[in-house]
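Here is a short briefing on one protein chain. Please look over the sequence and the model before reading on.

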Amino acid sequence: MSATGSRTGHVVVIGAGIAGLAAAHRLLGRSARVTVLEAADRVGGKLLPGEIAGVRVDLGAESMLARRPEAVALAREVGLDGRLQPPATASASIWTRGALRPMPKGHVMGVPGTAAALAGVLSEEGLARIERDADLPRTEVGDDVAVGEYVAARLGREVVDRLVEPLLGGVYAGDAYRISMRSAVPQLFQAARTHASLTEGVREIQAKAAAGQQTGPVFMGIEGGVGTLPLAVAGSVRARGGEILTGTPATELRVEAAGGWRIAAGERVLHADAVVVAVPAPAAARLLREESPQAAAELAAVEYASMALVTLAYRRRGLTLPEGSGFLVPPVDGRTIKASTFASHKWGWIAEEDPDVLVLRTSVGRHGETEILQRDDAALVDVSRHDLREATGLDAEPLATRVTRWTDGLPQYPVGHHARVARIREHVARLPGLAVCGAQYDGVGIPACIASAYAAADQLDGDLSGIRALAANPVHSLHGGAGE
């Protein structure tokens, strides 16, 4: 592509999740001819709209960070401006130590600025341990450190086990004692590098946020579900001349002798001036193993967590739920579900679809947990109902249930993730006309995937500013209050 972005050549985007679709959308704005290849029979990846008991719901991710501009801006570009809705309630709970307790305020991904911020969630011993942080010598973090390891060293394990773990688990379905602080909570990592006291660093983060006076909702949803976003982007891609081929997996990617790329997709063979690989790490590794075995090896080493979402619909009459958007569950408490979202409380449009129906959902499955996800759908519904009854008293028979399994759905960001991503991009950069994007690089949230896609599209133009910005400032994912 030229420096002015006026390319009229052919770009093949492999993968029609939100990252691939966002890359295609940006490339079409620069006069490229775009073909999108998608192995599944639908677009959208982990964003999936559906219905239960006649009510539209999300069966995948259900909110997007609004404090980053990418997702909300793209939704507006593709005609969804009038359907953007913030959560109807931002209050949530944590189910711990035998009770639903209000989610504390005054913390950064569960890390408090003062012990008092976690009163009611932690024991007296746990609160006292936080107070010792100010007197401890500096804990060196080096090039990266696990969130749980560092926070436990400064504030004690109870902070990690009761609050940091369920919050991070809601984003990554991972283990806080393995997750990279540099990649997953970069503002905490910076605070750890510049402050001897972690609580002091958190207070500085909070002071800067207050001084910045960010207004508006932290999160945003879409009437009909955020699963409608990729459908709208795909519609815009097609309207602008892009081609999207579903049920068409790319099976081979090779550099052509005369320049450009040859892409085998079933019985089809496509020729392109450039390629964006926007598929999960295992599929990307298979595609790149011939032309970049080093990048393929790095991608093959990326681990994933599997999970399942259980959506339940109830007749509302006579039912009483706690206030708020739902609750999180620390693994240390030994429950099976890791979170529940009171969808009819959280999203006004769900409540309005049918005022007589109450929709909830639970999530099960964390990194390394295999037994629970081997159970059949009925068993997952039963265990979800059991935990909901224990937490909220809800004992009614549901009108309908749906189980949606996301096998290998969430890439893990262990210590050193940033270095792995840098190595992948370094190897990929040696192949002209090739770029990569997706959840396994710069953040798992919707804005992060879109930012990754835009950086990939820009890279094909020779503009590396987006890549550099993501490397310097990872797009951390915040938890949506309660849920996934």
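Where is Ser-180 found? Ser-180 sits in the loop between α5 (157-172) and α6. This is a predicted model, in which local features need pLDDT of at least 70 and side-chain atom pairs count only at pLDDT 80 or more, while totals for chains, interfaces and linings use all residues. Residues are numbered from 1 along each chain as its sequence is written, and side-chain values use heavy atoms, with hydrogens and water left out.

**The whole chain**

- The protein chain has 18 helices and 22 strands. Helices (H or I, at least four residues) and strands (E, at least two) are DSSP runs, numbered from the N terminus.
- Its radius of gyration is 22 Å, close to the 23 Å that the globule rule gives for 484 residues, so the chain is as compact as a globular protein of that length. The radius is taken over C-alpha atoms, and the rule is 2.2 Å times the number of residues to the power 0.38.
- Along the principal axes, the C-alpha atoms fill a box of roughly 70 × 55 × 45 Å.
- Of the 484 residues, 57% are buried. Buried means under 20% relative accessible area, exposed means over 50%, and partly exposed lies in between (1.4 Å probe, protein chains only).
- Take the contacts between residues at least 6 apart in sequence: 72% of them join residues at least 24 apart. A contact means heavy atoms within 4.5 Å.
- The accessible surface comes to about 18,900 Å², and 49% of it belongs to carbon and sulfur atoms. Areas come from the Shrake-Rupley method with a 1.4 Å probe; for residues, only the protein chains shown count as cover.
- The chain has 50 positive and 55 negative charges, and their mean positions are 2 Å apart. Lys and Arg count as positive, Asp and Glu as negative; His and the chain ends are not counted. Each charge is placed at NZ of Lys, CZ of Arg, CG of Asp or CD of Glu.

- Ser-180 counts as buried, at 0% relative accessibility.
- Leaving aside residues up to four places away in sequence, Ser-180 touches Asp-144, Val-145, Val-147, Val-185, Tyr-413, Pro-414 and Val-415.
- Ser-180 and Gly-44 are 136 residues apart in sequence, and their C-alpha atoms are 27 Å apart in space.
- Ala-173 is in this loop too. Ala-173 is buried, at 0% relative accessibility.
- Phi of Ala-173 is positive, near 50°. Most residues other than glycine have a negative phi.

**A three-stranded sheet**

- Strands β5, β11 and β6 form an open sheet in the order β5-β11-β6, with antiparallel pairing. β5 and β6 stand at the edges with a single partner strand each, so one side of each has no neighbour in the sheet. Two strands pair if DSSP finds at least two bridges between them.
- Two bridges join β5 (residues 64-65) to β11. Met-64 has Met-220 as its bridge partner, and Leu-65 stands opposite Phe-219.
- Two bridges also link β6 (residues 84-85) and β11. Here Leu-84 is partnered by Ile-222.
- In β11 (residues 219-222), Phe-219 and Gly-221 point one way, Met-220 and Ile-222 the other, and all are buried.

- Helix α2 (residues 70-77) has Glu-70, Ala-71, Val-72, Leu-74 and Ala-75 as its buried residues. Their cover includes α1, β5, β6, β11, α9 and α17 (446-460).
- Gly-79 follows α2 and has a positive phi, near 90°.
- In helix α7 (residues 186-194), the buried residues are Pro-186, Leu-188, Phe-189, Ala-191 and Ala-192. These pack against β9 (107-108), β10 (111-112), α4 (147-155), α6 (181-184) and α8 (198-212).

- Arg-238 lies in helix α9 (residues 228-239). Arg-238 is partly exposed, at 44% relative accessibility.
- Arg-238 and Val-34 are 204 residues apart in sequence, but 9.6 Å apart in space, C-alpha to C-alpha.
- Ser-31 is in the loop between α1 (18-28) and β2 (33-37). Ser-31 is partly exposed, with a relative accessible area of 43%.
- Phi of Ser-31 is positive, near 70°.
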